Amino acid sequence: MNTLNEKQVNSQPIRILHCVAGIGRGGYETYIMNLYRNIDRTKVQFDFLYSFGGVYKPEIEALGGRLYKIPFITEKGPFAYTKYVRDFFASHPEYKIVHSHMDKFSGHIMREAKRAGIPVRISHSHSVASSGVLAYKLVKGFYGFMINPNCTDRFACSKEAGDWLFGKGRSDVNVVKNGIDLKKFSCEDNRDREKLTISCVGRLAEEKNHTFLIDIFNEVYKKNKNAQLIIAGTGDMEQPLKEKVKALGLTQAVDFMGDCSDVNALLQKTDIMCLPSLFEGLGIVFVEAQACGVKCIASDRVPMEAKVSDDIQFIPLEKGAQYWADAILSTDVTEKKDNHSRIRECGYDIGEVAEKVQDFYLKKYAEL
């Protein structure tokens with residue numbers, strides 16, 4: 001790794017400001033924390049400008065990160081939000097590198113960071129579509145137009161995610177893989193062989209398509225009463241999903257386990273990971289599942305970069321619940337295969353990813 005440059009006074013680490021909506025256990029938040037745990041924190045430290053709290057707050061503080069909370073744009077409106085962001089940058093001139101993970105709202109962050117004279121402004125795409133009602137999407141779209149004129153660097157978790165946020169065909173988008181800790185996601189086999197365990201890990205939000213997942217499981221359960229579905233995650237859709245499960249008479253077969261702090265342990269008990277997403281920036285849970293040797297069934301809306309082994313198949317959503325159920329029931333789950341070497345070859349080792357990102361920060365800082 002690079003050594004500290006001369007601008008780091010008294011050998012203090014450079015501090016990177018990550019701008020996020022929240023610090024809960026979501027996809028991109030987990031990615032940032034994976035980076036944070038694996039960088040050399042004597043050289044690079046992470047701080048956070050956020051609006052919604054979450055489970056990562058104590059760990060961030062323990063790792064030496066600073067946390068700054070401001071109301072989100074949906075809470076106070078765009079004018080008040082602009083003032084909060086502008087005032088923050090004015091009172092914190094120490095930040096020379098800002099790394100924003102806020103979808104199209106990153107345009108707002110990039111604009112205000114540029115106005116504040118922050119020299120390195122990174123916009124990072126973690127998705128391929130906007131969620132929410134039409135008015136919300138229109139507001140996000142407005143800010144999305146501000147990204148390219150105001151950012152200095154463009155990151156994306158996949159080519160599709162880069163095309164969506166920055167425009168197709170750009171040669172200046174840096175695809176940064178969502179690395180995972182391969183020591184943690186081992187292919188240890190702790191399954192109950194008398195059951196067919198289907199798991200789904202993801203925020204309980206419309207884009208994850210849990211409603212269709214429950215329809216799929218309903219068809220599976222009709223043919224295999226030893227099947228069980230474990231749904232890990234929290235979100236706005238939780239109550240409607242529980243009501244649907246109850247209406248279908250599946251309460252005894254479906255487990256809503258809530259926020260999952262130990263995804264690797266869940267995967268080691270899982271036969272099949274199924275997530276029929278409407279869209280995904282990458283679908284890192286599929287990489288984690290393949291690391292644990294779990295067979296995966298994904299929608300064809302998931303980027304092909306998530307395929308790091310032969311243990312994943314992509315199915316069009318249009319095929320319907322019965323087709324998906326038949327695919328699950330015909331999947332051979334006899335053995336779990338170690339895919340770690342292939343995952344490293346595909347660039348998903350968090351140690352290597354963290355080193356590349358850290359070197360990027362240090363190089364940018366040295367050029368200031």
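In helix 8 (residues 159–166), Ala 161, Gly 162, Asp 163, Leu 165 and Phe 166 are buried, where buried means under 20% relative accessible area, exposed over 50% and partly exposed in between (1.4 Å probe, protein chains only). Helices (H or I, at least four residues) and strands (E, at least two) are DSSP runs, numbered from the N terminus. The cover over the buried residues of helix 8 includes strand 5 (120–125), helix 7 (147–150), strand 6 (153–156) and strand 7 (173–175). Just after helix 8, Gly 167 has a positive phi of about 105°.

This is a predicted model, in which local features need pLDDT of at least 70 and side-chain atom pairs count only at pLDDT 80 or more, while totals for chains, interfaces and linings use all residues. Residues are numbered from 1 along each chain as its sequence is written, and side-chain values use heavy atoms, with hydrogens and water left out.

Strand 4 (residues 97–100) contains Ser 100. Ser 100 counts as buried because its relative accessibility is 0%. Leaving aside residues up to four places away in sequence, Ser 100 touches Cys 19, Ser 106, Ile 109, Met 110, Ile 122, Ser 123 and His 124; contact means heavy atoms within 4.5 Å. Ser 100 and His 124 are 24 residues apart along the chain, and their C-alpha atoms are separated by 6.0 Å.

The next topic is a helix pair. Helix 4 (residues 78–91) packs against helix 5 (residues 106–115) at an angle of about 40°, with the axes 10 Å apart. Helix 4 is therefore oblique to helix 5; angles under 35 degrees count as roughly parallel, over 145 as roughly antiparallel, 65 to 115 as roughly perpendicular and the rest as oblique. From helix 4, the contact is made by Pro 78, Tyr 81, Thr 82, Val 85, Arg 86 and Phe 89. From helix 5, His 108, Ile 109, Arg 111, Glu 112, Ala 113 and Arg 115 take part.

A search of the whole structure finds zero disulfides, a disulfide being a pair of cysteine sulfur atoms within 2.5 Å. Cys 151 is in no disulfide, and the nearest cysteine sulfur, that of Cys 19, is 13 Å away. With a relative accessibility of 8%, Cys 151 counts as buried. Cys 187 is also in no disulfide; the nearest cysteine sulfur to Cys 187 belongs to Cys 292, 7.8 Å away. Cys 187 is partly exposed, at a relative accessible area of 24%.

Note on methods
Axes are lines fitted to C-alpha atoms, for helices over the stretch in contact, and angles run from 0 to 180 degrees between N-to-C directions.
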